[in-house]
Each structure stands twice: as structure tokens, then as C-alpha cells.
Amino acid sequence: MVSNPVHGLPFLPGTSFKDSTKTAFHRSQTLGYRNGYAIVRRPTVGIGGDRLQFNQLSQAELDELASKAPVLTYGQPKQAPPADFIPAHVAFDKKVLKFDAYFQEDVPMSTEEQYRIRQVNIYYYLEDDSMSVIEPVVENSGIPQGKLIKRQRLAKNDRGDHYHWKDLNRGINITIYGKTFRVVDCDQFTQVFLESQGIELNPPEKMALDPYTELRKQPLRKYVTPSDFDQLKQFLTFDKQVLRFYAIWDDTDSMYGECRTYIIHYYLMDDTVEIREVHERNDGRDPFPLLMNRQRMPKVLVENAKNFPQCVLEISDQEVLEWYTAKDFIVGKSLTVLGRTFFIYDCDPFTRRYYKEKFGITDLPRIDVNKQEPPPVKQELPPYNGFGLVEDSAQNCFALIPKAPKKDVIKMLVNDNKVLRYLAALESPIPEDKDRRFVFSYFLATDMISIFEPPVRNSGIIGGKYLGRTKVVKPYSAVDNPIYYGPSDFFIGAVIEVFGHRFIILDTDEYVLKYMESNAAQYSPEALASVQKHVRKLEAPASESESKQTEKDPGVQELEALIDTIQKQLKDHSCKDNIREAFQIYDKEASGYVDRDMFFKICESLNVPVDDSLVKERQGLTLLPDWNAVV
């Protein structure tokens, strides 16, 4: 019978009771986490919260165990005998680690290979930590092989450290004397040794193969049944029989390309093709007779032979599936040879006869390949920038080094030194500009205009050249196609606009009237009418002046008679210059007139002979004599 440990009563129905102070009957947690790691915890409290007493020592028991010495019970422990010393050269004698590796060697002086793969064996001797690199000897390789690096301790870095077996593994690169070796695998002993020392080995790699060595391997022998085609019979039958075709190569789509003519020869004796250039006189090309030497032309290549170095090696039957034959050369079809597309447009009579007998082709007409020249492209000039004349600016678009525009030499010779002059007034709202007058000079040789303003004293305006020789553009004319003023635009009353300034033509000289009379067809009826009206106005005052001269004052007639008499007497006098200077001194106002008494006084001072009759006549004069007319 089980008794109750708490009350000493048997654990029977009726003798046990429920402790009301206990409320928790779960099991204690035995698994916890510390710093993120799972740890096992020994429970100290049982079901119901009762403290577990087993496996617990009291403080007295703990103190006793701490002070208890096992020597008193078991005596002094016996020390194990030391193991026998075995030197490394004995322990690792004849123990060598072997690794399979390769390195890549550049081949700069060969056109057949760029690099070479050389396979080596790396040996590591455990007894003295030395290493050696040995390349297996290949017969007739032409390369010095065998022991590449003799047995020695190999430096790992510049600090003097050496390679150790812990540094070796599969799938790593090691550098020895500037050469990088790729370790790909090791033998069974090396694998067991490194794994026993706790080194995790990388998976093995596949040994790299030398591409040139693989290329040099002889392919499997192929037995081909010989063809029944007799080349000797072909040679004897078609000897000296050549098909001639006329073709063009149109390269006008590319820059500086052109359409050139060629002759294609197909030799029936051996199915070879030759392309000859057709040279024309003064074509500017070197006289090379052949574009392509006589050879067989491949039509369809093997898939693997598309990148075949044709410029280095000749193409054999192994790289070609189909060759060009005579049936591929048809008039009217294109043919691609050496990257150029030739169009066959004609052939000779023998070729036509051969195709008719061999292939039954009778229709081989000549094709016209002459191209019509396209219309010339109109050269468009850039817009005028406003500097200089339009003709001068346009010369920059015609040549790299611009030249002066061509002149009309015939016009310049015919109209040399012919100038049309006009008197004009400035149309301006400024009052000071109303009295200004300008002289327009139109040069017929060059169609240029110059403007001159006569200086006027005390006007406050400096006269002189107003505009140098230049062509003047009419207002509202196109900038790219300007219209210049011509002789027909100048007439009485015409308005001339010069660079924003408006001038009105008031008068012309006599040469202009003569020019207009001789070239009346150039002028409009309005211009001719304006000139005729102006001439009539000038003739009316002239007739009035003549009638006035007939009705002159008697005193004026007497003065003119006196001046004529004095001029006759001074005709042979030697001091005319002194007389003029004397009159200029006494004529202080520069009016050209002096007093009568002063006039005869100057003549007497200069010993000018004057008759007594003139002295008597001077007393009856009432006008001032003009000394300029006398002298």
C-alpha cells in the first residue's frame, strides 16, 4: 500500500484530501532560449509547484566535496609514459600529394593558335614541404617538356612565406614564378590525407584541352565511292571553249559608287570563272586587267565553313556543298561573287549557241542597262545675311575659295565713263533737310550709284560724299532675288529710296537728256513726259531773259562797253596776277564788285594804261563795275 508522503496516511479512497492551496498542476518548462540559442533547463519544481528534492545537495555536502582530495582515496595518479619521437622525414617518408593542374601559355607568333593549354602534375612532398611541377612528355610536340620546376620550397608571397599542404585544394589557382596554375583534381591518397586533416575538398573540375591539339587530331577515315565523272574527257572535249558574259556591277547606292562594266569568262574545260575589268579611255583607273583570277567559285558552303578564313587557305571540296556551273549564268539574272552582285545583261553568239544545244534555252535577248541621267539638282542658296552684295555672298556657296562674280565685260567697254547725273532733294520731315540738295551719279558700266552733297556755307551740314559706289536695291524686293535700280527708274519727279532715305529727282544734266532721247525704248511714257515738261519750263524763262536783255538800261550798256574797252587794253598787260590780287584785297566782302573811284584808283596804282576818254566816261557811270569780268 502506498502511503501519502505528506500526511503519513495510506493513499486510499477516503484517506486522501485535496490541497486547496495548490492551483497550478502543469509541468515545468524545460526548454529556453538565451542570446538566440536553444538551451535545456533542468526542472526545479514538480507538478503542483512542489519543489523537487532529488539531485539536490546541501551546503554542507557541497563544502565536503570541495575539500575532499581524491589522492587520499586512490593515491597518486600514475603519469602515462611519453610516446616515442618520430621525425618528420621518417613519419612522412615517401608520402607525396599529387595534384592535376594546367596553365595557359600565349602564342603571339602564330596565325593558327592564340594560346596553348599545357597540362602538368604538381607534387607536394610532406617530409620537407617541398614541391615540384612536372609536365608529361608528349612525343613530337616540339615543346621542351618534363620537369618545369625542380623540387624546392616555393614562395607563396613577397613576405617569405612558403606553400604548405594546407594551402592546396581542388578548384583553386596558385601562382608559381609568375605562372598561374589551375588545380583541377588530385589522386586518392591526397584526398584521404586532406580529409583526415579536416580540410574540406572542393569538387573536381574537368581538365582543359588544348584547342590546337584537338584540331590536329586526325578525323575518322571516310570511304567515298569514286565518281564516274571523267575530268580528262571534259578537258579534251571542252578545251579552249569559253562562255563569255557581259555584266555590270551597280554600286551607285553607296558613297562615291558607280556603275562599272565587267566581262565574265566561264571555262568549260574545268568549270572555272574569271572576271575581267572593262577599261575606258581616260577613266582614271589603274590598268588592272583582272578583278578575279581564274578559279572555281563556291555557291553553297558547309554550315561550319561560313567562318572559314578564305583569305588564308584555299577552299576545298570539304567546305563546299555546291559549285557554280554553267547553268547558273543566265542573261537577265544576278550573280553574287566575292560579295559583289553582278547583273548579266548580254553574252556572245557562242554562248547563245551553247545554251541552245545544252539546256534548250533559245531566248537570251540583250538587256538595255543604260540609265537615264537624273535631272540636275537645283542648287539652293542659303538665305542672305545682309552683309555685302547678294552676288558676292553667293560665291561662298560655289567654291571653297570664293572668287569675285563675273562682270559683263562688253557692257563695261561700251558704257565706259558714261555717267548719268541727277539733282535730288531729300524727303524728310526735318525742316533743316528741306534745302539740302544731292547729286546722284548713275554709272552705266556697273549699274552702281553714288551720291554727293555739295557743301553749302553756313548751313551747319558737312557736305561731301554721301554714298559710295554701290548697287541700290529697290524697296519691297525679295532678299534672295533683289532688283536693283536701273536707268529707267530715274526721271523728273521719281522717288528713289536708298537704304531707308527717300529722294526726289528734281533735275538732270544735258547728257541724261541725250541718253533718254537715244534710248527712249528703255523708259516709260511717264518718265519721258516728265522730262519733256521739265524742258518746257526751262525754255520759258530763257525767252523771257532774252527779251529783257533787249530792253536793258542805258547805264548797263555803257558799263558793258567800258568793261570791253578795258579788257582790250589789258589783253597784252604782263601783271594780270598782281591786278587780281589787288582787287581781292580791296573787295573785302568778296562780292565781285568795287566802287568806280576805287576801280580807277587801283588801275592808276598798278600803272594800268587808261585813256582819257575812259576817265571822262567814268564820271557818267552810276553802276558798280564787276572787276572779275574786267580781269
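**Exercise 1. Is Arg366 buried or exposed, and what does its side chain meet?**

Start with the surface: Arg366 has a relative accessible area of 56%, so Arg366 is exposed (exposed means over 50%, buried under 20%, partly exposed in between, with a 1.4 Å probe and protein chains only). Next, look for a partner: Arg366 and Asp346 meet in a salt bridge, 2.8 Å from N to O (a side-chain nitrogen of Lys or Arg within 4 Å of a carboxyl oxygen of Asp or Glu). Asp346 counts as buried, at 9% relative accessibility.

A quick note on the ground rules: this is a predicted model, where local features need pLDDT of at least 70 and side-chain atom pairs count only at pLDDT 80 or more, while totals for chains, interfaces and linings use all residues. Residues are numbered from 1 along each chain as its sequence is written, and side-chain values use heavy atoms, leaving out hydrogens and water.

**Exercise 2. Find which strands hold Glu322 and Lys299.**

First, the contact: Glu322 and Lys299 form a salt bridge, with their closest N and O atoms 3.7 Å apart. Now place them: Glu322 is in strand S14 (residues 320-323) and Lys299 in strand S13 (residues 298-301), 23 residues apart. Strands here are DSSP runs of E, at least two residues, and helices are runs of H or I, at least four, numbered from the N terminus.

**Exercise 3. Work out which residues of helix H10 are buried.**

Go to residues 510-518, which make up H10: Val512, Tyr515 and Met516 are buried. They cover an arc of only 95° around the axis, so they sit on the same side of H10 (the arc is taken over directions from the helix axis to the C-beta atoms).
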